[in-house]
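Reader: I am new to this structure. Could you walk me through it in short steps?

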Amino acid sequence: MDTLKDFYDFYRPLQRKYDLRMFYKTNSKETKITIRQRDKEIVKVTEENTEACFSRTKRELEERMKKYEQQTETKEKAQRAGFYMDKIRESYAEK
């Protein structure tokens, strides 16, 4: 059950920060975990074993969040660059 604890230790802060929802379904054959942000599906994993499903979900969520953070960082840099370019243009327009 260390896998489950590791998953929740990783998932909880992300859940609060990004408003994530997890849907967990299991039957005799397989386990399904779906993680959504608002109404957009971020991660969907199906495995035969519960522990394997949680570990794979954690791995895929880590990858997804790295990409998301990189995109956010790039957008912020572009916005900052645009802001400074606007200031430079304004200063040239004043002269």
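Reader: Which residues do ring pairs link into a cluster?

Author: A word first: this is a predicted model. The structure holds seven aromatic pairs. Ring pairs join five residues into a cluster: Phe7, Tyr8, Tyr11, Tyr24 and Phe54.

Reader: Take Phe7 and Tyr11. Are their rings stacked or edge-to-face?

Author: The ring centres of Phe7 and Tyr11 lie 5.4 Å apart, with the planes at 10°. Planes under 30 degrees apart count as stacked, and those over 60 as edge-to-face. At 10°, therefore, the Phe7 and Tyr11 pair is stacked.

Reader: What separates Phe7 and Tyr11 along helix α1?

Author: Helix α1 covers residues 2–18. Phe7 and Tyr11 are both buried. They sit four residues apart in α1, so the separation is about one helical turn.

Reader: Which residue in β2 is the bridge partner of Arg21?

Author: β1 and β2 run antiparallel, joined by seven bridges. Arg21 has its bridge partner in β2. That partner is Arg36.

Reader: Which residues have the most contacts inside the largest nonpolar core?

Author: In soluble globular proteins, nonpolar side chains tend to be buried together. Here the largest nonpolar core has 14 residues. α1, β2, β3 and α2 (50–94) each supply at least two residues of this core. The residues with the most contacts inside the core are Leu20, Ile35 and Leu61.

Reader: Is Gln37 buried or exposed?

Author: Gln37 lies in strand β2, residues 31–37. Beyond four places in sequence, Gln37 touches Tyr18, Asp19, Leu20, Ile42 and Tyr68. Its relative accessibility is 11%, and under 20% counts as buried. So Gln37 is buried.

Reader: Which residue has its backbone oxygen 3.2 Å from a polar atom of the Gln37 side chain?

Author: Tyr18 is one of the residues that Gln37 touches. The 3.2 Å distance runs from a polar atom of the Gln37 side chain to a backbone oxygen. That oxygen belongs to Tyr18.

Note on methods: Residues are numbered from 1 along each chain as its sequence is written. This is a predicted model: local features need pLDDT of at least 70, side-chain atom pairs count only at pLDDT 80 or more; totals for chains, interfaces and linings use all residues. Side-chain values use heavy atoms; hydrogens and water are left out. Buried means under 20% relative accessible area, exposed over 50%, partly exposed in between (1.4 Å probe, protein chains only). A polar contact is a pair of N or O atoms within 3.5 Å; within protein, one must be able to donate a hydrogen and the other to accept it, and residues adjacent in sequence count only if both atoms are side-chain atoms. Contact means heavy atoms within 4.5 Å. Rings of Phe, Tyr and Trp (its six-membered ring) pair if their centres lie within 6.5 Å; planes under 30 degrees apart count as stacked, over 60 as edge-to-face and the rest as tilted. Two strands pair if DSSP finds at least two bridges between them. A nonpolar core is a set of buried Ala, Val, Leu, Ile, Met, Phe, Trp, Tyr and Cys residues joined through side-chain atoms within 4.5 Å.
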